There are 4 protein chains.
Amino acid sequence: MIMLDYSDKRPIYEQVVDKFKELIYKGVLKKDEQMPSVRSLAVELSINPNTIQRAYGELERDGFIYAVKGRGNYVSDINGMLPKRQEDFYIEVDTLLEKMPELEISKERLISHITSYFIELDKARQKSGGENPEIKGHD
Amino acid sequence: MIMLDYSDKRPIYEQVVDKFKELIYKGVLKKDEQMPSVRSLAVELSINPNTIQRAYGELERDGFIYAVKGRGNYVSDINGMLPKRQEDFYIEVDTLLEKMPELEISKERLISHITSYFIELDKARQKSGGENPEIKGHD
Amino acid sequence: MIMLDYSDKRPIYEQVVDKFKELIYKGVLKKDEQMPSVRSLAVELSINPNTIQRAYGELERDGFIYAVKGRGNYVSDINGMLPKRQEDFYIEVDTLLEKMPELEISKERLISHITSYFIELDKARQKSGGENPEIKGHD
Amino acid sequence: MIMLDYSDKRPIYEQVVDKFKELIYKGVLKKDEQMPSVRSLAVELSINPNTIQRAYGELERDGFIYAVKGRGNYVSDINGMLPKRQEDFYIEVDTLLEKMPELEISKERLISHITSYFIELDKARQKSGGENPEIKGHD
DNA sequence: GTGGTCTAGACCACG
DNA sequence: GTGGTCTAGACCACC
C-alpha cells in the first residue's frame, strides 16, 4: 500500500504522513475505513513501530484520522477541506507568478504553456479511452 | 545587506546561500564585484564563520561566485543561466497543474486567476509611477 | 438509550459510565429501575461485554447502581448526593476564578457575561414554550 | 525550574508542555530567551531526552517556542494570544453554567459566590501589602 | 555543543 | 489484539 524512498532526504515519518494524506485525498482510503495497525504497518515497511506511531499521531493532529484505543485508527471525514486546499493552491500559484518578471517570462507565454499542457493531457486521455472526464466550470 | 530569519526552519547557511543567489540574480551584486569577507559577514550576522564559509562554498560550487586565494570571493558571470532557470520554472508550473483535477479546479478558472493577478499588478504599478516596465513577448 | 462517540479521546467504558451518571442524575433512570443487561447493551452498542462490565463496575463502586447476583443491575438511591455535587461545582468555579487576573478579565466583566448568558437562556425558553421552569432561590 | 509529579496520571511530556506554557504565559520566560537544552533538562529531570524532545516539539507546534538547529530552543512572542485565551475562558465558563439547573444552583447564588471570592481575595491582598493591583475595566 | 530522527525493547490501558 | 508512553542508545545535520 505504501512504499518508502530511502534516497529521499525527508524523514520517514513525514513520507508516511504524506503518502496517507494523498491516499485519503484521492479517496483510496474512505471515511471510517480502518488504517493498518501501527505494528502491522511497521512490519510491512520494516521500520520501527514508533515511527509509524509518530506518523499516525501527525495524521490525527491534522484531522485525517482518528484513533480509538484498543481498536485502531480510522480515517476521518475530510469533507469541507477542499476550499482550504484550493486556497493553498492559489497561494502557490501566486508565489510562482511573482518570479516571472525576474525570469523574463511574460503572462502570454505562461498561458500558452498551460494551454498546451492541457491539450497534451486531452490527447493522452483520448488514447487511453477517456475514463477521466474533464473537470469543468467548478467553483 | 542580509537578514537572517531564525524562525525559518531551514539551516542558516542555506538562507545565506539563497539570499546571495537572489542578490546576484537581481543584479544587486554584479559580475566581478567582491563579496563581503567571510569574517566580516560572520561578525555582521553574529554567526559562526564556519557557517559563512559553508555558504560561500555552496555558492562557488553552484557557479555563482569564485574564490581567489588570499584576496577574497568575487561574483561570477551568470549570463546564460536564464534558460535553465526558465526551464525549472515550467517544471514547477507542471507539478502545480497536475494537482488541479484532484482539487476540482478547471483550466479556465486558473487562467482567470492569472489574468486578474496581472491586472492587479498593473494597477499597483500605475499608482506607484510605473517604474518597472512590463515584460512582453520574450523567448 | 446511549450513543458512543468514537472521535472522543476518552475510553469507551468511561463514556458509558458518564452517560449513565447523567441519565441517573437527570432522573431518566429512577431508583430501583433495572439497568440494561451487560450482554444486551454490549450488542446494542456493538462493543465488547467486558467494556460494559467494567463500566457497571465503576458505577457500582461510585454508588450509582447495585448488582443483584443472577438478577441484574439496579439504580441506587442518589438522594443526598446533591450537596457533594454542588460543592464540586464551586471548586471548579474557583479554579476558573483563579485564572482571571492572568487573563486580564475583571470580576465585573465576568458577571456581565453570566448575566447575559441567562438572559439569552430565558429568551430561548420563552420561544420554545417555557417547559423548563426557572430555578430560583434554592440552597 | 520544573518539577514532575509522578502521581499525576498524565504523560510526562504533557506535564512538561503545560509547565512551560504556564511559565511563558506568566512572563517568567520572556521572548527570545533560551530554553534549557533538551539534554540538560533531561538530565535535570532525570528522564529521557526523547521525552523532552517531544515536549519541545509540541511547544513549537503550538507556537510557544522556536527551534534553531545547532543553537537551541527560544521562546516565541506570544503577544496577541490573549484574546484567544479569553475566548477559551468564556467557553469554559459556559460549560459550567450549563450544569447549574441540574444542580439546582441559581444565578444569584453563583454571583454571590463569585463576589465573596473576590472580597476574600482583597482581604488577603491588603494583609500581604497590596502589591498586585486589582484589574479593572479591561476589554 | 545544539536539535532531530530512528531503533529496539519495554510497559501500560483499553477492548 | 489495539494505541500510547517511555527508556536507552545511536546517528545525523548544523553551528
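Visitor: Which elements each supply at least two residues of the surface near DNA strand E?
Guide: Chains A and C each contribute helix 1 (12-25) and helix 3 (49-61), and chain D contributes helix 2 (38-44), helix 3 (49-61) and strand 2 (72-75). Here helices (H or I, at least four residues) and strands (E, at least two) are DSSP runs, numbered from the N terminus. This is a predicted model, in which local features need pLDDT of at least 70, side-chain atom pairs count only at pLDDT 80 or more, and totals for chains, interfaces and linings use all residues. Residues are numbered from 1 along each chain as its sequence is written, while chains are lettered from A and ligands numbered from 1 in the order in which they are written.

Visitor: Which element gives the most there?
Guide: Helix 3 of chain D, with four residues.

Visitor: And how many residues surround DNA strand E?
Guide: The number is 30, and the closest are Ile12(A), Asn48(A), Gly70(A), Ile12(C) and Ser37(D). A residue is near the strand if its C-beta atom, placed from the backbone, lies within 6 Å of it.

Visitor: How do they divide by class?
Guide: Eleven are nonpolar, 15 polar and four charged. Ala, Val, Leu, Ile, Met, Phe, Trp, Tyr, Cys and Pro count as nonpolar, Asp, Glu, Lys and Arg as charged, and the others, Gly among them, as polar.

Visitor: Changing topic: how many residues does the contact take from chain C and from chain D?
Guide: It takes 32 residues from chain C and 32 residues from chain D, contact meaning C-beta atoms, placed from the backbone, within 7 Å. On the side of chain C that touches chain D, helix 4 (82-103) and helix 5 (107-127) each supply at least two residues.

Visitor: Which helix of chain C gives the most?
Guide: Helix 4 of chain C, with 14 residues.

Technical notes: Contact = placed C-beta atoms within 7 Å.
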